[in-house]
Amino acid sequence: MTILKTAAATLLATVAFTATSFACEVTLKSSDTHPDGYPTVEAVKHMGAELEKATNGKYCIEVFHSAQLGQEKDTIEQTQFGVIDLNRVSLGPFNNIIEETKIPSLPYIFRSVEHMHKVMDGPVGEEILDAFADHDLIGLGFYDGGSRSFYNSQKPINSMADLDGLKFRVMQSDLFVDMVAALGANATPMPYGEVYSSIQTGVIDGAENNWPSFESSGHYEVAGYYTLDQHLIVPEVLVMSKTTWDKLSADEQAAVRAAAKSSVPVMRELWAEREKASEAKVREAGVKIVSDIDKTPFIEAMKPVYEKYVTSDKLKDMVARIQATK
Ligand code: GTR
């Protein structure tokens, strides 16, 4: 019965989708590593509905969720080449390509999610979005990525010393490799999709992420210790391929920007709900959570990372403006 119901639901969904895609002249392909229902996926669907309305059905968006189009680093390249039209990604995998993206990816640069919103919604955020244009991409807006903390399969982390010698997966960014090294642990950059089995087989001891990703990826099933050191509040970004963008009229480009913008508050609301739901699920599963960790030594340990990555006057100025944002 359940199977039948599922089959019927799939069929209905297919029919509904086919109807939509037939009605549209152009269906834009959008990539996301997260599963269907995840806030980022739903926000891009919202954008698609807005775009369809604004262009009288000329443009639709189909979200290829669950990494159907590949892992983030590869999908970024495909978006630059114009094979993928839109991509929702963390700023992390851009760090090695677009220097401005390193700044909001610095550990403890934001004091809170509210601080991050204020900065990314303001001139610094605009400058970072503009920087994508030199890399065959159009930055359309920022989404939330919560705050990222360490989890592992071995032991509770109650202080920085407990990280010593553990091996953590990080996103494919040199900055994050150095961040983990500065804390006394070892970092292995690897695609998100390989983390579950790598923890399970002991290739790594753990990784770091926010509540919704820790939960939806199932990593909490293999990593039973989560310490809320909140070292990163990395925003996520929605980008369009410049190849796709150049095919649009000025009015259509404006419609894309407006539709993307309208999806930001939707995403933030969904995110707040999902964070709570994911936390509840992870706690219920019996994961041991350390939430009273002293972050001061973590923050101090990041000085060499700032020295290594905040090199030009332009980047120094950006950091100063972020720190001055109240
Ligand atoms: C998630 C983020 C993804 C991806 C993933 C990762 O929080 O939403 O875009 O970057 O982390 O760790 O690879």
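Which backbone oxygen lies 3.3 Å from a polar atom of the side chain of arginine 111? The backbone oxygen in question is that of glutamine 323. The model is predicted, so that local features need pLDDT of at least 70 and side-chain atom pairs count only at pLDDT 80 or more, while totals for chains, interfaces and linings use all residues. Residues are numbered from 1 along each chain as its sequence is written, and side-chain values use heavy atoms, with hydrogens and water left out.

**Arginine 111**

- Arginine 111 is placed in the loop between strand E3 (86-90) and helix H4 (113-120); helices (H or I, at least four residues) and strands (E, at least two) are DSSP runs, numbered from the N terminus.
- When neighbours within four places in sequence are set aside, arginine 111 is in contact with Ile322, Gln323, Thr325 and Lys326, contact meaning heavy atoms within 4.5 Å.
- The C-alpha atoms of arginine 111 and lysine 326 are separated by 9.6 Å, although the two residues are 215 residues apart along the chain.
- The 3.3 Å distance to glutamine 323 falls under the term polar contact, a pair of N or O atoms within 3.5 Å; within protein, one must be able to donate a hydrogen and the other to accept it, and residues adjacent in sequence count only if both atoms are side-chain atoms.

**Ligand surroundings**

- There are 13 residues around the ligand, of which His34, Glu72, Arg169, Asn209 and Glu236 come nearest; a residue is near a molecule or strand if one of its heavy atoms lies within 4 Å of it.
- In the side chain of histidine 34, an N or O atom is 2.7 Å from an oxygen atom of the ligand.
- Arginine 169 has a polar side-chain atom 2.7 Å from an oxygen atom of the ligand.
- Serine 90 contributes a backbone N or O atom, which lies 3.4 Å from an oxygen atom of the ligand.
- On its own the ligand has 320 Å² of accessible area, and the protein covers 98% of this; accessible areas come from the Shrake-Rupley method with a 1.4 Å probe, and for residues only the protein chains shown count as cover.

**Aromatic pairs and a charge over a ring**

- The whole structure holds 8 aromatic pairs: rings of Phe, Tyr and Trp (its six-membered ring) pair if their centres lie within 6.5 Å, and planes under 30 degrees apart count as stacked, over 60 as edge-to-face and the rest as tilted.
- One of them is the edge-to-face pair of tyrosine 38 and tryptophan 271, with 6.1 Å centre to centre and 65 degrees between the planes.
- Tyrosine 38 lies in the loop between strand E1 (26-31) and helix H2 (39-54) and tryptophan 271 in helix H11 (residues 250-284), so this pair ties together parts that are 233 residues apart in sequence.
- Tyrosine 38 counts as buried because its relative accessibility is 1%, and tryptophan 271 is buried with a relative accessible area of 3%; buried means under 20% relative accessible area, exposed over 50%, and partly exposed in between (1.4 Å probe, protein chains only).
- Tyrosine 151 and phenylalanine 214 form a stacked pair, at 4.2 Å centre to centre and 20 degrees between the planes.
- Lysine 29 lies over the face of phenylalanine 64, 5.9 Å from the ring centre; a charge sits over a ring if NZ of Lys or CZ of Arg is within 6 Å of the ring centre and within 35 degrees of the ring normal.

**Positive phi angles**

- Most residues other than glycine have a negative phi.
- Asparagine 56, which is not a glycine, has a positive phi of about 50 degrees; it is in the loop between H2 and strand E2 (59-64) and counts as exposed at 74% relative accessibility.
- Aspartate 136, also not a glycine, has a positive phi of about 65 degrees; it lies in the loop between helix H5 (123-131) and strand E4 (137-143) and counts as partly exposed at 42% relative accessibility.

- Histidine 231, in strand E9 (residues 225-232), counts as buried at 0% relative accessibility.
- Beyond four places away in sequence, histidine 231 touches Pro107, Tyr108, Arg148, Ser149, Phe150, Met179 and Glu208.
- Threonine 244, in helix H10 (residues 242-246), counts as buried at 5% relative accessibility.
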